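Work through the exercises below with the model open. Try each task before you read its solution.

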Amino acid sequence: MNINKIKQRLKVYKRVDITTDLRSLSENQKKIIENLIEAGKVADHIFWRQSSHDALQIRDQYKNQPGPLQDYIEINYGPYDRLNDFKRFVGDGPQIKPLGAGFYPEDLSRDEFTNYVRENSDTRDKLEDLYTVISRDEDLLKTEPYHQIYQTEVRQIAKNLENAADLTNNRSLKKYFELRSKALTSDQYYESDIAWMELKDNWIDMVIGPIENYEDRLFNYKTAYEAAVMIKDFSASEELAIYQNHIENLEKNLPIKIDPAKSIKDTDTILEIVNIAFFGGDYQAGVKTIAASLPNDERVISEKGAKKQLYKNIMEAKFDQILIPLADILINKKQRPFVSKERFISQVLLHEISHTIGPNYVINKAETVRKSLKEKYSIIEECKADILGIFSAPYFAEVFSYSTDEIAEQYVTYVAGLFRSIRFGVEEAHGLANLIQLNFLRMNKVIDYDARTNTYAVDTNRFFKVIKELTRIVLTIEAHGNYAEANNLIEKYGQLKSETSDSIERLNEIPTDLDLNFNPLL
Ligand code: ZN
């Protein structure tokens, strides 16, 4: 690919510095962070090895040639464009990234592997294991566990985690670092996952190891290395705690009565707000995540629940680099100042809280809402979380004694956010859920479109009434597990109109995602 095209592609990712302020931490805590970041960098190196067979070779080849091409190789962890159908943009080799990444032989097909597993059922567990790499040995497929094939790297990570364990005074954190270090050198993660769920009073946290399986596009068996070094956010955690304290009242305030015996009791989910001091490996490849719910091990989830962590400084960076320029184009001039970073973060928190409110079981049946709504469930549930979040705005405005302007900020920021999500595509639950909300609000005339300026404005006086109506509709669908009504709502309001697609089209100069450069202030 020629250099001008690379420059164009590079614009998809806006480069931003993520400067987490760690200056208030103690010297000891800073040393812990330094060790964790070191460990994270090594995990990042393992991910390079997993990304594709030639990823490291290509990176080294351009090591001394700084410029757009080198940057683009770094962003994509190799020669394939992650946001352009994995097409090769540099070097010789397959034109599309092999589905098996660096986990399987480059030429291995699904059929060959499936047949091989069938004929060699005694080695099936090893072949399909989450933590083995497959290679050819003449006619055989050989497996090698991660802790062996990445031995040098894994030992380095283990050492850094042990250093961190020695430095911390927090017992639960010490235990976690020690067990995680052992886990990585044996690929047995259960105990360390339990210890992670049992962390207490820790302001530092880390996710590290082979975790998600999306990089293996052949079978989704093999897990990719990733690392995130996290610091809890004091003020946002306080805000979150206030929301959580009001859940019961919120439930009483809903437009329909929910039988408490049927409602969600989500005491198993820990919700935390953190700032990221370092991302490595899978976390840094392609679209950057702003939240994750871990661990993935079902045994741990059934014993300890899950922990959902929201990455505040990553969300803020996306707000600055994506939502603000989007609002400059799409939001009416008078209301543009209402797009607020604080309200954006609040909306995300309220969205997550709202997933824990509402019906879990269907009325008159011992069946979950999820089961009744089948493949429509995610769309309706994401819609519910958004709409309930914005429905709660006036309630919390009272709790926090907000002014009318601040309520308007919440509404306008929410509307700008709808376009941000629709832009990612309506083939996926989040995007479609946002389109349904936009169309419902447009058709009920509380979002006005000015064809002269191509901008949108919110009718802040009538807005809540319509939000309340949509909240009632969505909660009623869930409470009754009404699949037909879910379908009706999606059919009626899930259509992408030319007005909307034209608006989205006008955002094409705005970056799709970010290229994060971590620069913690120590
Ligand atoms: Zn959600």
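**Exercise 1. Find the protein donors of the zinc ion and give their spacing in sequence.**

Step 1. Collect N, O and S atoms within 2.8 Å of the metal (3.2 Å for Na, K and Ca); water is not among the atoms, so sites may look incomplete. Step 2. The protein donors are H351 (NE2), H355 (NE2) and E382 (OE). They lie 2.1 to 2.2 Å from the zinc ion. Step 3. Read the spacing of the donor residues: H-x3-H-x26-E. Step 4. Check burial, where buried means under 20% relative accessible area, exposed over 50%, and partly exposed in between (1.4 Å probe, protein chains only). H351 and H355 are both buried.

A note on the source: this is a predicted model, in which local features need pLDDT of at least 70, side-chain atom pairs count only at pLDDT 80 or more, and totals for chains, interfaces and linings use all residues. Residues are numbered from 1 along each chain as its sequence is written, and side-chain values use heavy atoms, with hydrogens and water left out.

**Exercise 2. Which residues touch the most other members of the largest nonpolar core?**

Step 1. Define the core: buried Ala, Val, Leu, Ile, Met, Phe, Trp, Tyr and Cys residues joined through side-chain atoms within 4.5 Å. Step 2. The largest such core has 167 residues, and I157, F177, Y225 and F463 touch the most other members. Step 3. Helix α2 (residues 27-51) gives the most to this core, with 10 residues. Helices here are DSSP runs (H or I, at least four residues), as are strands (E, at least two), numbered from the N terminus. Step 4. List the contacts (heavy atoms within 4.5 Å) of F177. Beyond its neighbours within four places in sequence, F177 meets I32, L36, L161, A164, A165, T168 and M206.

**Exercise 3. Describe the aromatic pair of Y283 and Y311.**

Step 1. Rings of Phe, Tyr and Trp (its six-membered ring) pair if their centres lie within 6.5 Å; planes under 30 degrees apart count as stacked, over 60 as edge-to-face and the rest as tilted. The whole structure holds 32 aromatic pairs. Step 2. Y283 and Y311 are edge-to-face, at 6.1 Å centre to centre and 70° between the planes. Step 3. Y283 sits in the loop between β8 (269-281) and β9 (291-294) and Y311 in strand β10 (residues 306-311), so the pair ties together parts 28 residues apart in sequence. Step 4. Y283 and Y311 are both buried.

**Exercise 4. Where is the cis peptide bond from L294 to P295?**

Step 1. Its omega is near -5°. Step 2. P295 is in the loop between β9 and α13 (298-304).

Technical notes: Contact means heavy atoms within 4.5 Å.
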